Each structure stands twice: as C-alpha cells, then as structure tokens.
Amino acid sequence: MPSPLLSVRVPQELMEAIAAAATDGNKSQVVIDILTAHFNPVPADEVGQLRRRLELVEQRLQTMEGGNGRDV
C-alpha cells in the first residue's frame with residue numbers, strides 16, 4: 001500500500017534547501033528524513049554518549065599521529 005500523500009506550500013528558501021539536500025533528486029525522502037528526525041529525536045543521553053565517543057576517537061587519532069596537532 002502506498003504512503004499517504006501530504007501536499008504543503010513552503011517558502012522558496014526551504015524549497016531550495018530541500019532541493020540542494022536531495023543529491024539523488026528524491027526531495028520526498030529529504031522531507032521524510034527531516035520530519036522523522038523532528039518527531040523522533042535522538043535522546044539527549046545518546047547524543048552525550050556519541051560526543052564522548054567522538055572525543056575518545058579524536059584523542060586516539062591524535063596519539064597515533066604523534067600528537068603533532070595536524071588536522072586530518
């Protein structure tokens with residue numbers, strides 16, 4: 001069964017942003033992804049966990065590079 005159809009008018013700036021984000025030309029999927037993220041946000045504790053993990057990865061990468069401060 002096909003998904004229900006939703007038709008809305010959006011400001012030109014939003015339409016341009018949606019079109020730019022639709023690298024494969026699928027603007028519907030861009031809007032679905034945005035609405036899904038809005039109505040099902042990542043829990044704050046999960047975001048915090050991901051930040052901590054990213055910091056650890058960055059520290060390890062810096063250690064592997066010899067701590068010379070180069071950007072990768």
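A residue is called buried here when its relative accessible area is under 20%, exposed when that value is over 50%, and partly exposed in between. By that criterion, buried residues account for 7% of the 72 residues in this chain. Please bear in mind throughout that the model is predicted.

Let me turn to the overall form. The chain contains 3 helices and 0 strands, and its pattern, read along the sequence, is α-α-α. The radius of gyration is 19 Å, well over the 11 Å that the globule rule gives for 72 residues, so the chain is more spread out than a compact globule. Along the principal axes, the C-alpha trace spans about 55 × 25 × 25 Å. The accessible surface of the chain comes to about 6,900 Å², and carbon and sulfur atoms supply 57% of that surface.

I come next to helix H3. This helix runs over residues 44–64, which is 21 residues in total. From the first C-alpha to the last, H3 reaches 30 Å, close to the 30 Å expected at 1.5 Å a residue. After H3 comes Gly66, with a positive phi near 85°.

Now to the surface. Which residues form the nonpolar patch? They are Leu6, Val8, Val10, Leu14, Val31, Leu35 and Phe39, and together they have about 650 Å² of accessible area. Helix H2, residues 27–39, contributes the largest share of this patch, namely 3 residues.

Val31, a member of the patch, is located in H2. Is Val31 buried or partly exposed? Its relative accessible area is 32%, and Val31 is therefore partly exposed.

Thr36 also belongs to helix H2. With a relative accessible area of 38%, Thr36 is likewise partly exposed. Between Thr36 and Ala21 there are 15 residues of sequence separation, and their C-alpha atoms are 16 Å apart in space.

Finally, His38 is part of helix H2 as well. Why does His38 count as exposed? Because its relative accessibility is 57%, and the cut-off for an exposed residue is over 50%.

To close, I return to the whole: a predicted model of a chain with 3 helices, in which 7% of the residues are buried. Thank you for your attention.

Technical notes: Residues are numbered from 1 along each chain as its sequence is written. This is a predicted model: local features need pLDDT of at least 70, side-chain atom pairs count only at pLDDT 80 or more; totals for chains, interfaces and linings use all residues. Side-chain values use heavy atoms; hydrogens and water are left out. Helices (H or I, at least four residues) and strands (E, at least two) are DSSP runs, numbered from the N terminus. The expected span of a helix is 1.5 Å times one less than its number of residues. Patches are made of residues with over 30% relative accessible area and no salt bridge: like charges are joined within 9 Å, nonpolar side chains (Val, Leu, Ile, Met, Phe, Trp, Tyr) within 5 Å. Accessible areas come from the Shrake-Rupley method with a 1.4 Å probe; for residues, only the protein chains shown count as cover. A salt bridge is a side-chain nitrogen of Lys or Arg within 4 Å of a carboxyl oxygen of Asp or Glu. Buried means under 20% relative accessible area, exposed over 50%, partly exposed in between (1.4 Å probe, protein chains only). The radius of gyration is taken over C-alpha atoms; the globule rule is 2.2 Å times the number of residues to the power 0.38.
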